[in-house]
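Here is a short briefing on one protein structure. Look at the model first, then work through the points below.

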Amino acid sequence: MKARETPNLSFAARAERRIARLTLIWGAAGSVAVAAACSPRAGLGVLTGTVLAWINFRWLQQAIDALVRVFSAQPGAGKPRISSWVYIKLFARYALMAVVIYVMVHYFDVPILGLLVGLFSLGAATLTESIYEIAARSK
């Protein structure tokens, strides 16, 4: 069982889960607001950018977790195996973003600014998590 699945999560694992959740929350809220204020296509762009940011975060997280397992393995113990999918995800996340953004802008006429705002939802989630941690520690 992975550390993320156990009820007694580490500080970093809890923060990562909150950031992943907050990315989707901020992005969904932003897409509704942009769709209402600007256009449904712009709202779709924000939502698409948010999903791309979330996928990017999750795939990068998996790759880093795998690298940590490799580099923290004890000498003499068996070397941990890393799936080739982890390597593929590590490098394919940029290609995925490029292809999806191109298709959304070129074929679906989604404003690029909406996609960029959605990609920034990960930054908003990280900032929210940082503020939460500062507030929680100052009590």
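The model is a predicted one.

**Nonpolar surface patch**

**Aromatic pair**

- The structure holds 1 aromatic pair.
- Its partners are tyrosine 102 and tyrosine 107, in an edge-to-face arrangement.
- The ring centres lie 6.3 Å apart, and the planes stand at 90 degrees to each other.
- Tyrosine 102 is partly exposed, at 48% relative accessible area.
- Tyrosine 107 counts as exposed, because its relative accessibility is 57% and exposed means over 50%.

**Nonpolar cores**

- The largest nonpolar core has 7 residues: Ile19, Ala20, Leu22, Ala53, Phe57, Leu122 and Ala125.
- Helices α1 (11-37), α2 (40-71) and α5 (121-137) are the elements that each give two or more residues to this core.
- The largest share, 3 residues, comes from α1.
- A second, separate core has 6 residues, among them Leu52, Met97, Ile101 and Val110.

**Salt bridges**

- Side chains of opposite charge can pair when their charged atoms come close.
- How many salt bridges does a search of the whole structure find? The search finds 2.
- One joins the side chains of arginine 18 and glutamate 129, with N and O 2.8 Å apart.
- Arginine 18 lies in helix α1 and glutamate 129 in helix α5, so this bridge ties together parts that are 111 residues apart in sequence.
- Both of these residues, arginine 18 and glutamate 129, are buried.
- Arginine 18 also forms a salt bridge with glutamate 133, where the closest N and O atoms are 2.6 Å apart.
- Glutamate 133 lies in helix α5 and arginine 18 in helix α1, so this pair links parts 115 residues apart in sequence.
- Glutamate 133 is buried, as is arginine 18.
- Through shared partners, the bridges join Arg18, Glu129 and Glu133 into one network.

Conventions. Residues are numbered from 1 along each chain as its sequence is written. This is a predicted model: local features need pLDDT of at least 70, side-chain atom pairs count only at pLDDT 80 or more; totals for chains, interfaces and linings use all residues. Side-chain values use heavy atoms; hydrogens and water are left out. A nonpolar core is a set of buried Ala, Val, Leu, Ile, Met, Phe, Trp, Tyr and Cys residues joined through side-chain atoms within 4.5 Å. Buried means under 20% relative accessible area, exposed over 50%, partly exposed in between (1.4 Å probe, protein chains only). Helices (H or I, at least four residues) and strands (E, at least two) are DSSP runs, numbered from the N terminus. Rings of Phe, Tyr and Trp (its six-membered ring) pair if their centres lie within 6.5 Å; planes under 30 degrees apart count as stacked, over 60 as edge-to-face and the rest as tilted. A salt bridge is a side-chain nitrogen of Lys or Arg within 4 Å of a carboxyl oxygen of Asp or Glu.
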